[in-house]
Each structure stands twice: as C-alpha cells, then as structure tokens.
Amino acid sequence: MSDETVNIEGAVCAPPLSHNEQIVMGHGAGGRMTHQLIQKAFLPAFDNIALRAGDDAALLEAAPGLRLSISTDAHVVWPLFFPGGDIGRLAICGTVNDVAMLGAKPLYLTAGFILEEGLSIETLQRVIASMKAAAEEAGVQIVAGDTKVVQKGKADGLYITTAGVGLVRPGLKVGGAQARPGDVVILSGSIGDHGIAVLGARGELGFESSIQSDVAPLNHLIAAMLDASSNLHVLRDPTRGGLGTTLNEIASQSNVGIVLNEPAIPVHPQVNAACEMLGFDPLYIANEGKLIAIVPPADADVVLQAMHRTRYGEEAVVIGQVAAEPRGHVLMKTALGSQRVVDMLAGEMLPRIC
Ligand code: MG
C-alpha cells in the first residue's frame with residue numbers, strides 16, 4: 001500500500017483540496033486565499049513600491065507635485081442584471097471607487113469587453129447605456145477600450161475589465177497603512193446589500209426580497225469628506241470579502257488593532273434574515289457602494305456631518321476604534337458585552353458576485 005492510499009479507520013474529514021496546485025473559486029473571493037495567491041504568485045514577479053503598498057489602487061508620482069491614483073478591476077458578476085444594478089454600472093463604480101480611495105479625483109477610464117458569441121446586441125446596449133449613466137454620475141470619461149469575442153460556451157455573456165486614473169489632492173496621505181491608535185472607524189451605511197441582491201437575482205434566497213444592490217460611485221462622497229478634513233487616514237471600500245476582510249487588511253497594513261462595536265454596524269433586516277437562513281455572516285458579504293473611513297478623533301464629527309449631507313453617506317455611522325493592540329487583528333464587542341475575533345474571509349462564500 002502506497003502512502004497515498006493509506007486508509008485511516010474512523011477518519012471523518014475529507015482530505016483538504018490542494019490549493020497550491022490549481023486555481024479554485026476561493027482564490028477569487030477576495031479573502032485569505034486571494035491574499036495568499038497575490039503573495040505567492042504575483043508579488044514576487046512584479047514587486048515594486050506601489051504594488052507592495054497593498055491598497056486597491058497604486059499611488060504614483062508622475063512629476064514633482066503630480067500624484068496619480070491608478071487601478072484596474074475585472075467584472076464577472078452573474079447574472080448580468082440584478083436589483084439595483086448590472087455589470088455595466090459595477091464596472092464603472094468598482095474602478096471609480098478604487099481610484100478615489102487614495103484621496104483622488106477619478107478622471108478617465110478604459111474598458112475591455114470580452115463578449116460571448118450569441119450575446120444579443122440589445123443586452124450589450126443595455127449594459128453600455130448603464131455604463132454611460134454611471135460614468136456621467138461619477139463625472140468620468142471612458143477614453144479607450146477593447147473588444148474581444150470568444151466562442152459560445154467559453155464565457156457567460158460578457159465580462160468587463162476597466163482601468164482608471166485620477167489626480168490625488170496635494171498634501172494628502174491617505175492609505176491602508178495610515179490608521180493610528182485612537183482613530184475613529186466610520187462606515188458610510190448598511191452592509192451586505194450587494195451580495196444578497198445578486199443572490200436574490202439568482203433565485204437562491206428561497207423567498208421574495210426587495211433588497212437592492214448598493215452599487216454606486218463614491219467619489220463625490222469622498223470629495224465632500226476631503227473638503228471637510230484633509231486629515232483622513234484611511235479610505236477603503238469593503239467589496240469582495242466584506243467589511244470583516246477589509247478591516248483585517250487595514251489592521252495588518254497599519255499594524256494596529258481595530259475594535260468594532262457590533263450593535264453600531266447597520267444591517268438591513270432583510271439582509272440579516274437572508275444571512276441567518278443561509279448561514280452567512282453579513283461581515284463577509286460584498287458591498288459595492290460603501291466605504292470605511294478611518295479618521296483622527298478630532299475630525300470625526302466634521303467628516304460625519306459632511307457625509308450625512310451627501311446621497312451615499314446619509315447613513316454614515318461610527319462603528320469602532322483603532323487600538324494599539326492586538327496588532328494586525330480585528331475584535332468585535334457584541335451586544336451582549338462579549339468580545340470575539342473577526343478574521344478574514346477564509347475561503348469562498350458567494351462566487352461571481354462582482
Ligand atoms: Mg476597493
């Protein structure tokens with residue numbers, strides 16, 4: 001009997017999948033497996049200062065005093081249309097938001113389309129119209145693009161990749177590594193809406209739901225926040241992997257602890273109900289129109305007030321605080337007064353969500 005076929009009597013657990021030999025869905029979930037793939041496969045090959053910063057966009061000094069924020073994002077959401085949005089709006093907002101999270105004004109986008117043979121022109125035109133509307137809302141232009149077609153069955157309708165560039169306001173130092181003990185953690189609104197809306201569109205909820213995706217361009221919200229305070233430390237959108245994963249990224253980048261106050265985190269009742277039924281935690285469900293802001297305590301009130309005056313920041317609330325310890329980790333104080341560790345999303349929860 002070879003080592004591979006040894007049968008341990010009474011063993012109940014299946015052997016773990018070999019995640020080191022081939023790509024599995026979890027590598028695209030934005031959680032720990034995505035991070036490990038980046039660390040092992042991409043970073044060693046492409047290593048440079050901008051990439052190593054680990055933010056969703058790269059901060060580049062194009063000329064003295066001229067700083068650019070550049071980002072790219074691929075969109076494979078299924079189905080193409082869902083309550084509150086579609087793949088086109090997502091493709092614009094995803095990149096606009098990542099560019100803006102470094103304190104930049106997004107200006108120009110490019111779009112690459114991978115179309116499946118047989119896709120109706122009417123569907124493509126609906127997606128294009130949605131992209132046009134989202135780009136107008138964000139105030140960006142799509143200035144270059146590419147179109148490829150693959151055979152029927154080789155794609156799921158269409159995929160869209162966008163890239164974007166924006167100008168960073170002079171004097172700002174916003175990034176995932178800038179959180180400091182004592183800082184206040186602000187969330188712009190309720191979590192989990194996007195992921196649950198997409199799931200509902202797939203008919204996987206098992207009940208009728210009116211949950212809408214929150215997909216939205218957040219650059220005007222960010223501009224209002226920067227007008228109120230030039231002292232923002234971190235801005236980040238909790239997309240794939242959800243709030244829990246994103247806060248872990250920041251805790252790790254800044255080498256600080258983050259302590260959340262669970263009752264303060266807004267979750268719509270329908271999202272909570274869906275999560276309870278399906279065994280999901282809203283902390284790990286994707287959002288596409290929310291941001292986390294980490295700001296010095298002296299600036300928290302003025303930033304919150306500025307957020308409340310904008311369309312996508314009306315429900316902004318303080319959800320926690322940055323602490324010196326435990327470094328690199330996120331804790332949550334529950335409604336009952338206990339405390340638990342909030343880890344990164346471990347594997348895959350909802351595939352093809354963005
Ligand atoms: Mg992002």
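1. Asp 56 sits in the loop between helix H2 (49-52) and strand S1 (58-63), while Asp 98 is in helix H3 (residues 87-100), 42 residues apart. Asp 98 is buried at 8% relative accessibility, whereas Asp 56 is partly exposed at 29%. Buried means under 20% relative accessible area, exposed over 50%, partly exposed in between (1.4 Å probe, protein chains only). Helices (H or I, at least four residues) and strands (E, at least two) are DSSP runs, numbered from the N terminus.

2. A word on the model: it is predicted, so local features need pLDDT of at least 70 and side-chain atom pairs count only at pLDDT 80 or more, while totals for chains, interfaces and linings use all residues. Residues are numbered from 1 along each chain as its sequence is written, and side-chain values use heavy atoms, with hydrogens and water left out. The chain averages a pLDDT (the predictor's confidence in each residue, from 0 to 100) of 93, and 95% of the residues score at least 70. Watch residues 1-16, where pLDDT stays under 50.

3. There are 13 salt bridges in the structure, each a side-chain nitrogen of Lys or Arg within 4 Å of a carboxyl oxygen of Asp or Glu. One of them pairs Asp 343 with Arg 32 (2.5 Å, N to O). Those two are 311 residues apart, with Asp 343 in the segment after strand S14 (339-342) and Arg 32 in helix H1.

4. Glu 137 has two arginine partners to look at. Its side chain meets that of Arg 89 at 3.2 Å, N to O, and for Arg 311 the closest N and O atoms are 3.6 Å apart. Arg 89 is buried at 15% relative accessible area, but Arg 311 is exposed at 62%. Glu 137 itself is partly exposed, at 25%.

5. Finally, Ile 285 belongs to the loop between helix H8 (269-278) and strand S11 (292-295). Ile 285 is buried, with 0% relative accessible area. Beyond four places in sequence, the contacts (heavy atoms within 4.5 Å) of Ile 285 include Gly 192, Thr 239, Phe 280 and Met 349.
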